[in-house]
Amino acid sequence: MAYYRPPGPPADPLIVRELTQLQDTMRAEVRQEPLQCEPAFIAGCDSSFPTTDTILSVFVVLQFPSLELVEKVYHTSAVTLPYIPGLLSFREAPNVLLAYEKLRQKPDIIMVDGHGIAHPRRMGIAAHIGVMLDVPTFGVAKQKLTGSFQEPAPTRGSLSPLTDRSGELLGEVVRSKDKVLPLFVSPGHRCDQATATRLTLACLRGYKLPEPTRLADHWAEEFKKELR
DNA sequence: GCGACAG
DNA sequence: ATCTTGTCGC
């Protein structure tokens, strides 16, 4: 399954170069710092594609640390860009931002389904969204995009650093559940590694995915039905 | 030249 | 991401 990926439609080299440069510009805006104060509300963000040409983005806001769901919103729009590894944010962020505007209770920090700085140019979708909104963000991904790591111990809570060739820390590989494939946690904007990992662990409730991301994914399915 | 490649 | 059935292990 993850061994072979059939070639998708050819990505326009002009677009790729342009977006890559824009990404390098945005990278200068990213700040890594601890959260100013303990969050009272944490959001979960996830996008899916009900049809090949429609994107559905969801935001859920949970009270922290109770993790009680307080709000859920979604927004859909037409897909404008194909999926290109490393440029995922340009395909999903526009619609994500529109969904965010619908939230009445803005969160103190956002957990995004995808990577933060654990990206070839340190600008994964979590960092991208954080810069655009100037809100603290971090990413929780299910698959690695870049970097290398040692397999963390098979017990829940085990951690292992994700580093690039030069040894730079990109994120942490987190075993969120016993004997289940680990998660890749990395800071986005206005967040540091310690905070990202700490909040990820604090949001676990027996599932592989922490509640913010898990519920966002869950509601995406429900909203998908509402669309008919 | 040969892999790797979030969602 | 999405399409898809049965199946293994706790």
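**Entry 1: helix α4**

I began with helix α4, residues 193-202, and listed its buried residues: Gln193, Ala196, Thr197, Leu199 and Thr200. I noted that the model is a predicted one. Looking down the axis of α4, I found its buried residues within an arc of 165°, so they line one face of the helix. The general rule I wrote beside this is that an α-helix has 3.6 residues a turn, so residues three or four places apart point the same way.

Next I asked which strands the buried residues of α4 pack against. I found β1, β4, β5 (137-141), β6 (159-163), β7 (169-174) and β8 (183-187).

**Entry 2: the annotated positions**

I looked up the UniProt record, an unreviewed entry, which places the feature "binding site" at Asp46 and Asp113.

Asp46 sits in strand β1, residues 41-51. Is Asp46 buried or exposed? I counted 27 C-beta neighbours inside 10 Å, and the cut-off for buried is 20 or more, so Asp46 counts as buried. Leaving out residues up to four places away in sequence, I found that Asp46 touches Val58, Asp113, Thr213, Ala216, Asp217 and Ala220.

Asp113 lies in strand β4, residues 109-113. Asp113 has 24 other C-beta atoms within 10 Å and is therefore buried. With residues up to four places away in sequence again left out, Asp113 touches Cys45, Asp46, Val140, Thr213, Ala216 and Asp217. I marked Thr213, Ala216 and Asp217 as contacts of both Asp46 and Asp113.

**Entry 3: the nonpolar core**

I then looked at the largest nonpolar core, which has 51 residues. Those with the most contacts inside this core are Ala43, Val58, Phe59, Val60, Met111 and Ala216. Which strand gives the largest share of the core? I found that strand β2, residues 54-63, supplies seven residues, the largest share. In soluble globular proteins, nonpolar side chains tend to be buried together.

Apart from neighbours within four places in sequence, Val60 is in contact with Ala43, Gly44, Leu69, Lys72, Pro212, Leu215, Ala216 and Trp219.

**Entry 4: the surface near DNA strand B**

How many residues surround DNA strand B? I counted 18, and the closest are Tyr83, Leu88, Gly124, Gln143 and Leu145. I sorted the residues of this surface by kind and got seven nonpolar, eight polar and three charged.

Methods
Residues are numbered from 1 along each chain as its sequence is written. Chains are lettered from A and ligands numbered from 1 in the order in which they are written. This is a predicted model: local features need pLDDT of at least 70, side-chain atom pairs count only at pLDDT 80 or more; totals for chains, interfaces and linings use all residues. A nonpolar core is a set of buried Ala, Val, Leu, Ile, Met, Phe, Trp, Tyr and Cys residues joined through C-beta atoms within 7 Å. A residue is buried if 20 or more other C-beta atoms lie within 10 Å of its own, exposed if 12 or fewer, and partly exposed in between; C-beta atoms are placed from the backbone. Helices (H or I, at least four residues) and strands (E, at least two) are DSSP runs, numbered from the N terminus. Two residues are in contact if their C-beta atoms, placed from the backbone, lie within 7 Å. UniProt positions are given in the numbering used here, feature names are shortened, and annotations may be inferred rather than shown by experiment. A residue is near a molecule or strand if its C-beta atom, placed from the backbone, lies within 6 Å of it. Ala, Val, Leu, Ile, Met, Phe, Trp, Tyr, Cys and Pro count as nonpolar, Asp, Glu, Lys and Arg as charged, and the others, Gly among them, as polar. The arc is that of the directions from the helix axis to the C-beta atoms.
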